[in-house]
Amino acid sequence: MSVYRAAEDRYARMIYRRCGASGLKLPAISLGLWHNFGDDTPHAVKRSICTTAFDHGITHFDLANNYGPEPGAAEAAFGEILRSDFAPYRDELLISSKAGYLMWPGPYGEWGSRKYLVASCDASLKRMGLDYVDIFYSHRFDPDTPLEETMGALDFIVRSGRALYAGISSYNSARTREAAAILRDLGTPCVIHQPSYNILNRWVERDGLKDTLQELGIGSIAFTPLAQGMLTRKYLNGIPEGSRATQGKSLSQNMITPRAIESIRALTEIAEARGQTLAQMALAWVLRDGGITSALIGASRPEQVVDCAGAIGNLDFTPEELAAIDRCASEEDINLWARSTQEEDHT
Ligand SMILES: NC(=O)c1ccc[n+]([C@@H]2O[C@H](COP(=O)([O-])OP(=O)(O)OC[C@H]3O[C@@H](n4cnc5c(N)ncnc54)[C@H](OP(=O)(O)O)[C@@H]3O)[C@@H](O)[C@H]2O)c1
C-alpha cells in the first residue's frame with residue numbers, strides 16, 4: 001500500500017465557516033460515512049473517498065455507532081484509515097460520532113439514557129482507535145428519557161475527555177431550545193445541530209429550527225443535502241445499477257416519483273445556467289444564506305467528492321434564481337427522520 005501524503009494545497013481548496021458562536025470552524029462541505037463504508041464496500045474505495053476528501057480540504061468526517069453494515073463497520077474502517085493514512089494529521093481532522101439508534105440488543109442499546117450514551121461513546125472510540133472524538137451527538141430525541149439525563153450524559157462525555165464538543169441531531173426547534181438551555185446551565189454549550197435539509201426537504205424552515213439555531217448561536221450541519229443522491233442527474237433516465245436506490249437501504253425507489261423527477265429536471269437547467277452541476281447547486285443552496293454552517297455529503301466514489309467540493313465555487317444566488325428553484329421544486333415525502341422531530345410515542 002502506498003504511503004499517503006496529503007495535498008499541499010488542501011486548505012486553498014475549501015472554505016471554513018464558524019460553527020455558530022463557537023471557536024470551531026467547519027469546512028463548507030463535510031463527508032459522512034453512513035453508506036459506502038460498511039463491509040459490503042472494498043476498503044480501497046473507502047480509503048480513496050477519505051483521502052480525496054482531505055486533499056480537497058474536507059477536514060470533517062462524520063460517523064455514528066451504527067453506520068455499517070454491520071453496525072460499527074464504518075467506524076472500524078475509518079479507524080483503519082486513521083492508522084494507515086491519517087495518523088500524522090489527527091489534529092487537522094474533526095471527527096464526530098453519535099449514539100441514539102439501535103446498536104445492541106436489550107434496554108441499554110438505543111435511545112438517550114446515560115447508560116447507553118456513555119457505553120456507546122466508549123465503544124466508538126475503541127473501534128476508531130481514538131482517545132477522543134471532536135464532536136459527540138445525541139443522535140435523536142428520546143421522548144422517554146428526561147432531557148436532563150441525555151444532556152447530562154453529553155456533558156459528562158465532554159468533561160471526561162471523550163469528546164471536545166457536544167451536539168444534537170434531528171431535535172425539533174422546541175426541544176433544541178430546552179436541550180441548549182440544559183447544556184448551557186451545565187457549562188457545556190450545544191455547539192452544533194445536525195438536521196436533514198435539502199431543496200426537497202425543508203422541515204427546518206417550517207419548524208423554525210433554522211432560525212432558532214441562529215438565534216441561539218448554535219452551528220449546523222445539514223445531512224442528506226443531495227436528498228440521498230436524488231439531487232443529481234443520476235435518476236433522470238431511470239434507476240442506474242449500483243446507485244443507492246438499487247440497494248434496498250434508505251433510498252426507496254418509491255421516493256423517486258415522476259413529480260420529483262420533473263423537479264430535478266427543471267433544477268438541472270437552473271444549475272447549468274449557473275455553470276454548476278446539480279449536486280453543486282444543491283449544496284450551494286443549503287449553504288446559501290449562512291444559516292447552515294456545513295453541508296454533510298455522502299459519496300460512493302471519490303469523483304463525487306471532487307464534484308461536491310466544487311460547490312464552493314459559487315455559493316451566491318440571485319433572488320430570481322432562488323424564486324425559480326422554489327417554483328420548480330416541491331417538497332417530497334423523503335424525510336425519514338420526521339418521526340424523531342415530531343416526537344410520536346416511540347415505545
Ligand atoms: N444524523 C442523522 O440522523 C443522519 C441521517 C442520515 C445521514 N447522516 C449523515 O449525513 C451524511 C450524508 O448523508 P447522505 O449520504 O444521504 O447524503 P447525500 O449527500 O444527500 O447523498 C449521498 C449520495 O449521493 C450521491 N452523490 C454524492 N455526490 C454525488 C455527485 N457529485 N454526483 C452524483 N451523485 C452523487 C451518491 O449516491 P450513490 O451511492 O447512488 O452513488 C451518494 O452516496 C451521512 O453519511 C451521515 O454522516 C446523518
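Visitor: What makes strand 7 and strand 8 a pair?
Guide: Strands are DSSP runs of E of at least two residues, helices are runs of H or I of at least four, and both are numbered from the N terminus. Two strands pair if DSSP finds at least two bridges between them. Gly167, for example, stands opposite Ile192 in strand 8.

Visitor: On what kind of model does this rest?
Guide: This is a predicted model, in which local features need pLDDT of at least 70 and side-chain atom pairs count only at pLDDT 80 or more, whereas totals for chains, interfaces and linings use all residues. Residues are numbered from 1 along each chain as its sequence is written.

Visitor: Why is strand 8 called largely enclosed?
Guide: A residue is buried if 20 or more other C-beta atoms lie within 10 Å of its own, exposed if 12 or fewer, and partly exposed in between, with C-beta atoms placed from the backbone. Five of the five residues of strand 8 (residues 190–194) are buried, so the rest of the structure largely encloses this strand.

Visitor: How do you know that strand 5 is mostly covered?
Guide: Six of the six residues of strand 5 (residues 94–99) are buried. Leu94, Ser96 and Lys98 point one way, Ile95, Ser97 and Ala99 point the other way, and all are buried. Strand 5 also runs parallel to strand 4 (residues 60–62), to which three bridges join it; Leu94 is the bridge partner of His60.

Visitor: Why is the protein chain called as compact as a globular protein of its length?
Guide: The chain comes to 12 helices and 10 strands. Its radius of gyration is 19 Å, close to the 20 Å that the globule rule gives for 347 residues, so the chain is as compact as a globular protein of that length. The radius is taken over C-alpha atoms, and the rule is 2.2 Å times the number of residues to the power 0.38. Along the principal axes, the C-alpha atoms fill a box of roughly 50 × 50 × 40 Å, and 49% of the 347 residues are buried.

Visitor: What makes the largest nonpolar core a core?
Guide: A nonpolar core is a set of buried Ala, Val, Leu, Ile, Met, Phe, Trp, Tyr and Cys residues joined through C-beta atoms within 7 Å. The largest such set has 100 residues, and Ile29, Leu231, Ala282, Leu283 and Ala295 have the most contacts inside it. Helix 9 (residues 278–286) gives the most to this core, with eight residues. In soluble globular proteins, nonpolar side chains tend to be buried together.

Visitor: With which residues is Leu231 in contact, leaving aside its neighbours within four places in sequence?
Guide: Contact requires C-beta atoms, placed from the backbone, within 7 Å. On that basis the partners of Leu231 include Asn198, Ile199, Leu200, Leu226, Ile264, Leu278, Ala279 and Ala282.

Visitor: Which residues of the shell around the ligand are closest, and how many surround it?
Guide: A residue is near a molecule if its C-beta atom, placed from the backbone, lies within 6 Å of it. Here 31 residues surround the ligand, and Gly32, Trp34, Phe223, Gly229 and Gly298 are the closest. The shell divides into 12 nonpolar, 15 polar and four charged residues. In this division Ala, Val, Leu, Ile, Met, Phe, Trp, Tyr, Cys and Pro count as nonpolar, Asp, Glu, Lys and Arg as charged, and the others, Gly among them, as polar. Helix 10 gives the most to the shell, with three residues.

Visitor: Why does Gln304 count as buried?
Guide: Gln304 lies in helix 10. Gln304 has 20 C-beta neighbours inside 10 Å and therefore counts as buried. Gln304 and Ile49 are 255 residues apart in sequence and 8.7 Å apart in space, C-alpha to C-alpha.

Visitor: Where is Gln228, and what is its phi?
Guide: Gln228 is in the loop between strand 9 (219–223) and helix 8 (258–273). Its phi is near 60°, a positive value in a residue other than glycine. With 26 C-beta neighbours inside 10 Å, Gln228 is buried.

How values were computed: Contact = placed C-beta atoms within 7 Å.
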